[in-house]
Amino acid sequence: MTARALMEAAVAAREKAYAPYSGFKVGAALLGKSGKVYTGCNVENAAYTPTNCAERTAVFKAVSEGEREFEAIAIVGGKGELLSPLCAPCGVCRQVLTEFVGKDFKVLLGTPEKITETTLDALLPLSFGKNNLE
Ligand code: THU
C-alpha cells in the first residue's frame, strides 16, 4: 500500500468523526503487518474527558481484532471541512502507539497531496515502554 493510499484512507475515516464540541475532525488509518488497514476517527463526548482520539480508535479496533504489529499510521485533521496542513498526534496517542510498534514504524502526517513522513521514535523520544517494567 502506498503512503498516499493510506493518507486517503485516513481522509475517508475523518468523514465519520463525531466532533460536535470542538468541530475538529481527525481521521487515522493504521496499516497492520498483515496488510489490513484499521481506520479510526475521534469520538467526542458531552463530558469532554471520555473523548477518544482517532489514532486510539484505530489502535483499539486493530488490537481487539487480533492484530498487534504495525507498519505505519496516517493521520489527518482539521476544523470543519478544512484539512490542516499538518495534524500531529497528541501525547496520549503517541504513548498508546509506542506499546505496539517498533523503531521502523512510520508516521505519515499532512495531507494526501503533501505528506510529511516521520517516526514514532522522533515524536516520542526516551519513551516509557514495557522494558522499563523489567
Ligand atoms: N484529536 C484526535 O483525534 N487526535 C489527536 O491526536 C489530537 C486531537 C481530537 C480530540 C478532539 O476530539 C479534537 O481532536 C480536538 O482536540
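Reply: Before we start, residues are numbered from 1 along each chain as its sequence is written, and side-chain values use heavy atoms, with hydrogens and water left out. This is a predicted model, so local features need pLDDT of at least 70, side-chain atom pairs count only at pLDDT 80 or more, and totals for chains, interfaces and linings use all residues.

Me: How many residues of strand β1 are buried?

Reply: Buried means under 20% relative accessible area, exposed is over 50%, and partly exposed lies in between (1.4 Å probe, protein chains only). Helices (H or I, at least four residues) and strands (E, at least two) are DSSP runs, numbered from the N terminus. Strand β1 spans residues 24-32 and is mostly covered, and of its nine residues the buried ones number eight.

Me: How many bridges join β1 to strand β3?

Reply: Two strands pair if DSSP finds at least two bridges between them. Strand β3 covers residues 70-79 and runs antiparallel to β1. Val26, for instance, stands opposite Gly77 in β3. The bridges joining β1 to β3 number nine.

Me: Which residue in the turn of the β1 and β2 hairpin has a positive phi?

Reply: β2 (residues 37-41) pairs with β1 over five bridges, in the antiparallel sense. Across that pairing, Leu31 stands opposite Val37 in β2. Four residues sit between the two strands of the hairpin, and the one in the turn with a positive phi, about 100°, is Gly35.

Me: What separates Arg4 and Glu8 along helix α1?

Reply: A salt bridge here is a side-chain nitrogen of Lys or Arg within 4 Å of a carboxyl oxygen of Asp or Glu. Arg4 and Glu8 form one, their closest N and O atoms being 3.0 Å apart. Because they are four residues apart in helix α1 (residues 3-14), the separation is about one helical turn.

Me: How many salt bridges does the rule give?

Reply: Another one joins the side chains of Asp121 and Lys103 (3.3 Å, N to O). Asp121 is in helix α4 (residues 120-123), and Lys103 is in the loop between α3 (91-98) and β4, 18 residues away. Shared partners also join Arg4, Glu8 and Glu113 into one network. By this rule, the salt bridges come to five.
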